[in-house]
Amino acid sequence: MNDLPFLSLSIWVPIVAGVLVLFTGDDRRAAAARWLALLGSIAGFAVTIPLYLYFDNGSGGFQFQEIHNWIPAFNIHYHLGVDGIAVPLILLTSFTTFIVVLAGWEVIQKRVAQYNAAFLIMSGIMIGVFSTLDAILYYVFWEAMLIPMFLVIGVWGGPNRVYATIKFFLYTLLGSLLMLVAFIYLYHQSNSFNILDYYAMPLALDVQVWIFIAFFMAFAVKIPMWPVHTWLPDAHVEAPTGGSVVLAAIALKLGGYSFLRFAMPIAPDASHYLSGFMITLSLIAVVYIALVALVQKDMKKLIAYSSISHMGFVTLGFFLFNPLGLEGAVVQMISHGFISSAMFLSVGVLYDRMHSRQIADYGGVANTMPVFAAFAVLFAMANAGLPGTSGFVGEFMVILGAIQVNFWYAVLASTTLIFGAAYTLWMVKRVYYGEVANHHVAELTDINRREFLILALLAILVLGFGLYPQPITEMTHASVQQLLEHLAISKLPAL
């Protein structure tokens, strides 16, 4: 079974399905587009499951490798391979695509085929980012992801969607150009675009610093880190619910994953040298952005700022350079994928009924939608880091890792448990509890079977990984150990 091209199937099955959905034509065949998209998303998820089933947890190296000539003149290959850090993110991507297709089933009424096709194609492209071991192939997938996301926000977004899409496009594109410059430099030094060759290449510290900065500009924007985070709240507010789910659950993880795949192993000495800078930016995101979330009046903006704060934990864990911090950061990425998806889908349920995201327009929703409110409050508690939910596990591991490095890092990081509870409970109290003050809220109907299925699946995952995170930690452990060993070995050229 291991000889089958599981990674190629994971990339191309959803892309081909997306193209087939496009051929269903206009909205007169919307039902056919929806069913074909659902089958495509299920098939896309199914072909990623063998990556988990046949993965060797004891190996920290790259598995399921595929390599074929692509552009021999420049030594560019179609080279795929995954480790224990990439596989959970690929599974998260394919599962989220299924959720997004299901979530837009009755909601999206115009250009249904194009909407679903965009998400299927984007799913394959993002899995390509997580699985490629060739720098140019990676860059192609990285840039290609912008196109379907640009269309999703620009066509199905809110009234200021054009502004949001252009801002999103420019921020990510400009950062990525510096990354391409770094790849070209590395190619001239090694005559290869193979990422594994870059890992073994000795580079002087000043060169490593410049390469790290080039990568930082691309990946920090995608995560996004403070202060290059301002595109994300605008994109979330204007994006349709499915767009927000994919942005928060997967797109942000591309930046975090890429730090582990490129910036840190290619420039390990620069990573140590600049770790104080990275930890400072991460702690600013954790503390300051949480305070910004506290004053938001729009539910989507609050969750968007919450995502930036939680992703600050991810980059903090990376640059602690210990197993607890790094493994905790990976767990946090997966957990945040589930929780942020659930939070945005909960807002989507309310928006579909009330056409408002303003917290002030609600109140007493639990009185008219008790089943939905139970799910929404569970996800809000998970977002605040309640023990027993997946939101607690990653943050707790990173805080424990931070204590091993510097007590004050841990103190500042742990403030998220206070501020996170503050902004989350502030929203929950005003939206779901209290008396029904708005006659529109009094007329709300509880979730239907489709919405129940989506929220129940996410609730099972949030509670399941909160109580038993071992499937993630077992898979990532060997890869994290190997990365830390690599980072401990100086790549400065011998005198």
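The mean positions of the 20 positive and 25 negative charges of the protein lie 12 Å apart. Here Lys and Arg count as positive and Asp and Glu as negative, while His and the chain ends are not counted; each charge is placed at NZ of Lys, CZ of Arg, CG of Asp or CD of Glu.

Please note that this is a predicted model, in which local features need pLDDT of at least 70 and side-chain atom pairs count only at pLDDT 80 or more, whereas totals for chains, interfaces and linings use all residues. Residues are numbered from 1 along each chain as its sequence is written, and side-chain values use heavy atoms, with hydrogens and water left out.

Let us turn to the overall form. The secondary structure consists of 23 helices and two strands; these are DSSP runs, numbered from the N terminus, with helices being H or I of at least four residues and strands being E of at least two. The C-alpha trace spans about 75 × 55 × 40 Å along its principal axes. Of the 495 residues, 63% are buried, where buried means under 20% relative accessible area, exposed over 50%, and partly exposed in between, with a 1.4 Å probe and protein chains only.

First, Gln208 belongs to helix H10, residues 205-222. Is this residue buried or exposed? Gln208 is buried, because its relative accessible area is 0%. A polar atom of its side chain lies 3.0 Å from the backbone oxygen of Leu203, and the side chain of Gln208 also reaches the backbone nitrogen of Ala270 at 3.2 Å. For such polar contacts, the rule is a pair of N or O atoms within 3.5 Å; within protein, one must be able to donate a hydrogen and the other to accept it, and residues adjacent in sequence count only if both atoms are side-chain atoms.

Second, Thr96 is found in helix H4, residues 86-103. Thr96 counts as buried because its relative accessibility is 3%. Its side chain reaches the backbone oxygen of Leu92 at 2.6 Å. Leaving aside residues up to four places away in sequence, Thr96 touches Val245, Ala249, Ile250 and Ser341, contact meaning heavy atoms within 4.5 Å.

Third, Asn160 sits in the loop between helix H7 (146-156) and helix H8 (161-190). With a relative accessible area of 47%, Asn160 is partly exposed. How far apart in space are Asn160 and Glu238? They are 6.3 Å apart, C-alpha to C-alpha, with a separation of 78 residues in sequence.
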